[in-house]
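Work through the following exercises with the sequence and the 3D structure side by side. Each task is followed by a solution that goes step by step.

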Amino acid sequence: MCSSPEPAPSLAGGTTPPASQAEHSRPPSPSGTDISARPAGPGASTSAEDADGAPLSEDASRSQTTAPLRATTPPNTQPPDRTKIESTPVHASSSNKTHTAKAVYGKNSLANHRPQYAKGMHPKISEMHFDGFLERFMPGPDMPAELATKIPVMDNTVLLGTKETIICDELCKVAQPILDHCPSGDKLVAKNTSHNSDNSDTGDYGEKLKVDVAFYPVDDDAQRDYTRPKLTTPRAATRWAWISLLVEIKTAHNNCALWFEDKKVAKKDGDRKKAADGGEDGGGDAEDLDGPQESSAVDKGKGRSTDDGDPPKPKPKPKPKPKPKPFIRTGGSGDNALGQVGEYVAKLFRRQHRLHVFTLYVFKGQARVIRSDGAGSIVSTAIDFEKDPSLLHEIIWRYACLTQAQRRYDPSVVRATQEEINAMRSCPTSNDAVKTYRSAALDKPGWLVYKIKMRRKDLIDQREMQPIADDFYEPDEPNALDDAAATSNELCFIVGRHLSATDSPTGRGMRGYVAYDVSHRRLVFLKDYWRPRIESSPYEGKVLHSLRKGGVRYVPTPLAAGLVQDELGTGVQETCTQAFLPKDERTGCSSPIQEHYRLVIKEIGEPLDNHETPEQLVKVMWYALWAHRQAWLVEKLLHRDISAGNILIFRYIDKNGKVQVIGLLIDWDLCKYQMYLETVLRPARSGTWQFMSARQLRNPGKRHEVADDLEAFIHVLTWMCYRFIQHSLTDEPDAFKMEILHWYEAYGAKEGDANGQAIGGQRKEVGMLSGMPAVRVDPYTPLGELLKTLALLCQQHYHVFEPKIASTSAPTGHLLVHDKSAELKDPFNDDEPSKVPAAPVVEAFETLSQHAPVFKAFKDALLKPADQWAKVVHTADQFEKEVFKNSAVNQRCAARSSKRSSGSKRSLEGESVDSERPGPAKRARSTTTELQSLQEEREGEEL
């Protein structure tokens, strides 16, 4: 839960410097109103409710005025440019997977994806007054007065300078005495990491990033990891696995993500500033100086009222309340800087098990504190610690006094013991792919191994579920309900490096692990993510159980699922940033609470990339289509996120000892039941951008239908053919790249759209209407015939919805006919009338509104003889070609190679990796494809 940390004990009965001294450097209220003094005493709250949502006492609720909040959109600012083709849009709401390689790794990709991070972050940031921020999110004792004498005085010439490394050293020197004297048992050390990247940070989006200053734990394992023999104190290497608090330092205001006073500019303009403040005595008004001044004659009697009954002088109009100043910088450099913050936050969430993280943002002797969770970020107003160093001391002291739980490390996760790690390493595996995944999880330097705990009540009854396939056979399967090995009420799973993840700083934050089930001594797949608390969004574990119980085949087997409990076991872990955000301008809805959820799956599959033949590719997709069809017929449940990352290959041995290969349709976390699909008033787009239907991309408010999912299957097949089948553009890499970008990546925004919703799919729509396959393979093969049949089905379907535009220039009434023949000199005298070819007649029919036509097309192709399938030329991944390097369609991510977002859920949220391998490990999700974070409004009564 989003709970305020418990106050830590005081070191000594000291206090901070007198308030009068500090108040000169504390920021004004963002709302423009006066701010009362910060409440005294540790743990004082600034809201009528505490962070757990429980009402506070009357005295505590009065302190709410110390933490005024305001909306995130800065007034009079330029929205970021939305016309891009190199990467798909980042949305606050979409599934989060990975298919464009938005997470192209390395420095060359920063300019591409950081603005995308920023775009998704803008509507999810709010500002809070510094005093209220500290009391609500970093409560604790005041720093002892005597400690101030032990803290080095900062060199202001360094603070206002342009040498980041020297500033980093200076901040470390100031922070260390504070950290050393904190009574907390979880000791920290401040290190300058600005020139030493994390060399273990590979294959995880934005590789080998480094922060300016990191607060690290001091235990032996951590020190061995971040210290380097050649680095002198306070220098160290960046190690994302250990960072407790990160500090980002800027020396140029145009490189800042947030607004600060640019002291360099203020000095040049000091006289005007003084005048605007009313001079030395502060008696004037800046606005009056710029406007026309009243004639001095007025003061000498003109217009002055007299005793003769002259009309009284009109009262001056009240001055309008000042508009709140923006706190987010927009534009190229501002968006890049904000995206950098988002990238760092996302990295910490992927590498550690954290519920929220703090960032200290510093510019020229000023600072803001940022608190980030899956719902967004809250930013404190700026402090000026050049004028009053005690303000910076207070931030460091408060953070140092927090326990690990108060710093929001997940209490349900602890470090695994070496014995537990060895047990996972020696566990038998079902195939070589699973063995590879396990090695990738355990044998990576810089990646810690953890034990995740779930409740025994999260177990799902296996006896009620039907087999995953008709001929599926698993001898001596352990019964989860009769687990004699368990000695407590906890289920324990050992996890190392994630197999898939999303790279978005907000949203679902999905991470997928190959995990060791301690009780059953087996390898399983564990999915950890944050889900919106919305009535129409069912729990994925319950969905899978219901599907399998109802006889739906080819969907994963859920072993355990449930919300993660808080440290007290009385509530669930949830975000709280949404409570401080304004309502969505388009839907009028408030952002939903995100709650922490875990799902354990029995099957560990392989990505669709691992298909061995073109026929196997089509067969695996047919099984996934089968699952989709059954789910709709039996449960009236629509998946809503069909992507290449959500279809897995699963191999097993049947009752006769023969190896069977089937497809699994995974990631049902965005599914909805029919009753909700039909009652949505303002739908939110859902899915992975590259595979969304053209109608969805062209119309963001369109209701999601069966046809959208079926079209997505067709786009997945086309996408895989572009990658692994010889086609007409195989030998034309530049043309190939442009074709892919236009089909799958291009997007923009309509002029005048205040919400700036991403619009795409123009090329897709034209393709759907043409009746021609998007990818041209040998037409005389089963695959070529299948693609042609699917293209014709799409054409028929789209002609039902093709807009019929009536002509506005048709003649009306009697018009004077003017003979223009004399004006056109034609020396050729072509008297024969030209023959205009008639457009082919297309039978318009909603062929994609039901499964049968598409399902039959796949089946008919699979019934073709093997020798005909052998004519299809299979290739290596064509997206691996040099021309795609650093482009939006680059599928290479380190995760994949050993391998946005919803699909991929892109690894952007880790998922910009289209290469995830395992089972229900979907490709990483990506912010890019996350189009579904907003709550959908429904018509009528609550159901």
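**Exercise 1. Confidence**

Find the average pLDDT of the chain, and say what share of the residues score at least 70.

Solution. This is a predicted model, and the chain averages a pLDDT of 78, with 71% of the residues scoring at least 70.

**Exercise 2. A covered helix**

How many of the 10 residues of helix α15 are buried, and what covers them?

Solution. Helix α15 spans residues 540–549, and seven of its 10 residues are buried, so that the helix is described as mostly covered. The buried residues are E540, G541, V543, L544, H545, L547 and R548. To see what lies over them, look for contacts with other elements: the cover includes the strands β15 (522–532), β16 (558–563), β17 (594–601), β19 (637–638) and β22 (672–673), together with the helix α16 (614–635). Just after α15, G551 takes a positive phi of about 95°.

**Exercise 3. A three-stranded sheet**

In the open sheet that contains β18, β20 and β21, what is the order of the strands, and which are the edge strands?

Solution. The order is β18-β20-β21, and the pairing is antiparallel. The edge strands are β18 (606–607) and β21 (659–665), since each pairs on one side only. Strand β20, which covers residues 647–653, pairs with β21 over seven bridges in the antiparallel sense. Helix α16 packs on this sheet, where it touches β20 and β21, and its direction makes about 50° with that of β21. Two residue pairs can then be followed across the strands: F650 stands opposite I662 in β21, and the bridge partner of Y652 in β21 is Q660. The hairpin of β20 and β21 has five residues between the strands, and in it G657 takes a positive phi near 80°. Finally, β21 is mostly covered, with six of its seven residues buried.

**Exercise 4. Two packed helices**

At what angle do helix α21 and helix α22 pack, and how far apart are their axes?

Solution. Two packed helices are described by the angle between their axes and the distance between the axes. Helix α21 (residues 762–770) and helix α22 (residues 782–801) pack at an angle of about 100°, with their axes 6 Å apart. That makes α21 roughly perpendicular to α22, because angles of 65 to 115 degrees count as roughly perpendicular. On the side of α21 the contact is made by E765, M768, L769 and S770, and on the side of α22 by A791, C794, Q795, Y798 and H799.

**Exercise 5. Buried residues and cysteines**

Is E745 buried or exposed, and how many disulfides does the structure hold?

Solution. E745 lies in helix α20 (residues 733–745), and at 0% relative accessibility it counts as buried. From E745 to Q690 there are 55 residues in sequence, yet the two are 6.6 Å apart in space, C-alpha to C-alpha. Turning to the cysteines, C427 counts as buried at 6% relative accessibility, and C671 is buried too, with a relative accessible area of 1%. The structure holds zero disulfides.

Terms used: Residues numbered from 1 in each chain as written. Predicted model: local features only at pLDDT ≥ 70, side-chain atom pairs only at ≥ 80, totals over all residues. Heavy atoms only, no water. Disulfide = S-S within 2.5 Å. Buried < 20%, exposed > 50% of the residue type's maximum accessible area, 1.4 Å probe, protein only. Helix = DSSP H or I, 4+ residues; strand = E, 2+ residues; numbered from the N terminus. Contact = heavy atoms within 4.5 Å. pLDDT = per-residue confidence, 0-100. Axes fitted to C-alpha atoms, helices over the stretch in contact; angles between N-to-C directions. Parallel < 35°, antiparallel > 145°, perpendicular 65-115°, else oblique.
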